[in-house]
Amino acid sequence: MPRRDFLGATLAAAGGLAVGMTATPAEAAEPTGGAQPAAATQPGAVSASMPPATRGGYYVPNRTPLQPVPFQKLPPGAIEPRGWLAQQLDLQVNGLCGRYDEVSDFLVYTTNGWVDPAKDAWEELPYWLRGLGDLGYVTGDAAVLAKTKRWIHGIIDTQAADGWFGPERLRTSLENGPDFWPGMPLLAAFRSWYEYSGDERVIPFMTRYLQFQNTQPPEVFNRSWGAFRWGDNIDSAYWLYNRTGDAWLLDLVRKMHAGSADYTNGIPNWHNVNLAQGFREPLQYGLLAGDEKYSAATYRNYATIMGQYGQFPGGGFAGDENSRPGFGDPRQGFETCGIVELMHTFEMLTRFTGDTDWIDRCEELAFNSLPASYDPRQQVMHYITCANSIQLDETVKHGQFQNGFAMQAYKYGVHQYRCCPHNYGMGWPYYAQELWLATTDNGLAASMYAASKVTARVGSGVGTEVTVVQDTEYPFDETISFTVQAAHSTRFPLYLRIPGWATEFSVSVNSARVPAAAQGGWVKLDRTWRSGDRVKLVLPMRVTTRVWTENQKTISVDRGPLTYSLAIDERYETIGGTTEWPELAVYPASPWNYGLVATAAHGATGSGVSGADVAAPSAGDGGGAADGGGGGRGGFEVVRRRVAAGADPFTREGVPLELKARGRRIPEWEADSEGVVGLLQGSPARSVQPMEDITLIPMGAARLRISSFPTVDANGIQWRRRRRITASHVNDGDSLEAADDGRVPSSSADQSIPRFTWWDRRGSTEWIEYDLRESREISQASAYWFDDTGTGQCRVPASWRVLWLDGNTWRPVDQPTQYGVLRDAFNGVRFAPVRAQRFRVEAVLRPTFSGGILSLAFS
């Protein structure tokens with residue numbers, strides 16, 4: 001379905017909050033600093049508090065009446081990424097984002113409506129330019145900067161007298177009114193360009209455009225994608241207001257909030273990217289309204305989304321297009337647009353609230369989900385990334401995903417994936433720019449940890465420019481060092497974030513331990529800093545497990561901010577593209593259906609790794625000795641691998657850490673008929689297979705992955721070998737497996753559970769087939785028909801019958817009782833017993849109508 005038309009098909013909000021893993025940003029136990037040094041060795045004042053929310057600071061604080069916030073974003077270019085982050089950005093420069101204009105026909109300058117208003121264009125160029133520009137600002141790449149400048153200048157030149165810019169067709173494309181959505185990411189691109197270049201045309205350009213928006217009637221603000229994403233535009237209005245003080249901008253914010261989708265009183269739409277961008281809108285509006293209910297709504301929205309659909313590791317939630325009732329297994333995935341937009345939301349919410357739980361969530365997404373969304377060379381990507389995924393091929397997955405196109409092969413996806421490859425580019429550049437934040441008390445905050453160098457104005461009076469260099473291999477190592485560089489001694493507060501997973505930590509200044517306690521997740525070091533001063537933060541990383549109660553009591557394995565996945569050997573196959581831009585499928589080349597032995601899954605575990613590094617194993621080799629910190633056979637063992645200098649840690653070859661665990665295979669856990677990992681069943685699962693040593697690697701390095709593990713026990717729950725299901729046809733948004741998922745419908749019109757339908761075939765004879773996986777004697781069948789009278793075009797069939805496969809011939813069963821076609825009931829039929837492996841239900845659909853099944857059983 002065309003992306004612009006898909007909004008009309010999104011599902012209604014589902015029921016209440018699920019019980020299981022904590023869905024809101026967790027209130028972690030306060031970390032402690034351990035033993036403290038004597039007072040004589042304390043090298044400066046340590047204050048246990050987060051930055052104050054005031055109107056101070058050097059980097060454009062909120063003007064009254066906007067509520068003050070504790071942090072300010074530093075301008076592009078203030079932070080220089082290093083280490084693995086610089087490596088990811090370099091891959092991006094030379095890969096899909098930096099060179100996508102060589103591939104995408106949406107990015108041809110001479111035919112693009114954003115620089116020639118007579119031509120057509122939509123969101124693709126705005127998405128790409130937003131990421132491309134910031135990629136240039138953080139890397140300094142000359143080619144990227146030149147492209148950015150050309151596009152920015154060309155778009156500015158299109159502005160009409162009334163403030164509109166870009167394609168003329170978009171002025172009237174929504175019910176004769178303007179489509180403001182694609183302008184929203186462009187405003188973000190202009191803001192970054194202004195902060196980087198100081199281009200004086202940007203402020204009047206944005207002023208005229210937002211004035212044009214302010215002339216629109218209220219109904220314009222509640223149309224199409226923009227209705228669910230006005231939080232982006234609100235942020236741009238605040239940005240402009242803080243620079244101009246134009247009061248009418250706040251009137252526009254009130255108009256945007258009042259006219260857009262209502263996130264304050266619930267979830268208005270379940271499209272995954274709408275959720276990733278939209279759930280924050282109440283808190284953003286609350287910066288103007290000053291009512292705590294708006295902040296509470298954002299926290300509640302997040303709790304609802306994650307409680308219902310975020311019951312697996314990786315930081316995202318089940319939203320392959322829309323989040324749908326019944327589709328929350330870890331084999332469901334998160335759209336790449338959703339990954340980067342949710343990261344951006346978490347970064348914004350951290351600046352607005354100071355709540356470190358938001359930035360913890362950002363790291364979880366960045367480390368565990370984002371790297372697996374693209375291939376190791378970052379030249380191709382896929383639409384959906386899943387916590388459990390055993391095959392990335394180019395086939396539609398009717399038992400898993402909603403859209404009518406293949407969503408998991410690595411492609412440059414200009415027209416197949418369309419939004420995601422144009423949009424993904426902002427992920428790492430935005431992340432790099434949020435590593436460090438300015439504080440309202442004229443200090444600096446290390447918000448996220450990665451090797452980097454920041455230069456910013458701090459201190460009292462007119463301020464002093466200082467540089468702080470951060471050296472670390474985090475998240476693969478637990479030590480983070482900071483070195484201050486300054487022309488002269490300067491007093492300012494330096495804030496260090498203590499992640500929620502860190503149950504303990506230590507801080508030293510110039511090798512002397514300081515008495516540090518974290519309040520609200522921050523440690524404040526307030527002192528006079530001299531050039532060469534060094535700070536060391538140690539965050540001991542212990543291996544822990546999380547139990548996902550609402551997903552069959554599966555577990556995930558964490559060490560610090562990294563989640564670990566089963567190391568599955570990956571076989572790459574070129575399926576299209578060119579030599580320079582190959583499109584890839586990935587297939588498993590080793591077993592994947594392991595459960596973790598219960599004693600290992602819940603064993604106590606240690607922190608750190610030994611100094612006895614091991615050589616990186618060859619393909620297929622778990623290789624290497626482990627340190628003694630993992631609890632031996634009862635827990636996990638941490639292995640430090642020797643890898644080549646400069647190796648990419650988000651690849652199988654370059655990952656520096658592994659965990660060793662004990663597991664057993666679960667023979668009944670199989671792929672379905674479309675190559676999708678089978679649905680989870682109860683834990684602990686019964687397995688009498690041999691105990692094996694298995695290897696886990698960081699989730700972000702695993703393109704194929706099992707990250708939500710069943711536990712196994714010889715006396716556990718016996719799993720059922722799932723039937724293989726095929727059909728004459730299945731609607732792209734429905735599930736082949738729905739009829740066999742064991743859910744009991746409340747009625748024939750029940751849309752709260754997965755369904756199988758033959759839509760949009762009408763009046764034809766169709767079938768659905770069960771392969772029982774073994775020959776069994778069957779004497780009855782029961783069908784619960786789907787019928788959406790009043791809302792859709794599916795009805796109970798005119799008639800149906802049961803057939804069985806005799807060799808190569810399908811035969812109807814003998815002596816059947818009446819084949820029922822009642823609504824809101826199980827329609828059972830008995831027949832003469834027949835022994836066979838494969839059975840079909842063949843249905844004659846009513847003229848002009850389609851049909852479907854909510855439950856189908858043979859016994």
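At 0% relative accessibility, S748 counts as buried, and that serine is one of several residues picked out below. The whole thing is a predicted model, so treat it as such when you look at the structure above. The protein chain runs to 859 residues, and its radius of gyration of 28 Å agrees with the value near 29 Å that a compact globule of that length would have. Secondary structure comes to 15 helices and 36 strands.

**Overall shape and surface**

- Of the 859 residues, 62% count as buried.
- The accessible surface comes to about 29000 Å², with 48% of that area belonging to carbon and sulfur atoms.
- On the charge side, there are 80 positive and 94 negative side chains, and the centres of those two sets sit 2 Å apart.
- Take the contacts between residues at least 6 apart in sequence: 74% of them join residues at least 24 apart.

**Domains**

- The chain is divided into domain 1 (111-260), domain 2 (544-605 + 634-713) and domain 3 (724-858). Note that domain 2 is given as two segments, 544-605 and 634-713.
- Between domain 1 and domain 3, the C-alpha centres lie 51 Å apart.

**S748, a buried loop serine**

- You'll find S748 in the loop between β30 (724-727) and β31 (756-757).
- Why does S748 count as buried? Its relative accessibility is 0%, and the cut-off for buried is under 20%.
- Beyond its neighbours within four places in sequence, S748 is in contact with Y784, W785, F786, D787, R823, D824 and L854.

**P185, in a helix**

- P185 sits in helix α4, which covers residues 183-197.
- With a relative accessible area of 0%, P185 is buried.
- Setting aside residues up to four places away in sequence, P185 touches P126, Y127 and R130.
- How far apart are P185 and N423 in sequence and in space? They are separated by 238 residues along the chain and by 9.5 Å, C-alpha to C-alpha.

- L392 belongs to the loop between β6 (388-389) and α13 (419-423), and at 0% relative accessibility it counts as buried.
- The contacts of L392, leaving out neighbours within four places in sequence, are H382, Q408, A409, Y410, L584, A585, V586, R703 and L704.
- One of those partners is R703, which is 311 residues from L392 in sequence and 8.5 Å from it in space, C-alpha to C-alpha.
- S708 lies in the loop between β28 (705-706) and β29 (711-713), and it is buried too, with a relative accessible area of 0%.
- Not counting residues up to four places away in sequence, S708 touches F312, P313, P330, N388, W548, T554, I555, W669 and L680.

- The peptide bond from T64 to P65 is cis, with omega near 10°; P65 is placed in the loop between β1 (45-47) and β2 (71-73).
- S683 and P684 are also joined by a cis peptide bond, where omega is about 0°. P684 is in the loop between β25 (657-665) and β26 (685-686).
- E175 has a phi near 50°, a positive value in a residue other than glycine. This glutamate is in the loop between α3 (142-156) and α4, and at 65% relative accessibility it counts as exposed.
- S511 also has a positive phi, about 75°, although it is not a glycine. Its place is the loop between β13 (506-509) and β14 (512-513).
- Is S511 buried or exposed? S511 is exposed, because its relative accessible area is 77% and exposed means over 50%.

Terms used. Residues numbered from 1 in each chain as written. Predicted model: local features only at pLDDT ≥ 70, side-chain atom pairs only at ≥ 80, totals over all residues. Heavy atoms only, no water. Domains from an automatic or database assignment. Helix = DSSP H or I, 4+ residues; strand = E, 2+ residues; numbered from the N terminus. Buried < 20%, exposed > 50% of the residue type's maximum accessible area, 1.4 Å probe, protein only. Contact = heavy atoms within 4.5 Å. Rg over C-alpha atoms; globule rule 2.2 N^0.38 Å. Areas by Shrake-Rupley, 256 points an atom, 1.4 Å probe, with all protein chains shown as cover. Lys, Arg positive; Asp, Glu negative; His and termini not counted. Charge placed at Lys NZ, Arg CZ, Asp CG, Glu CD.
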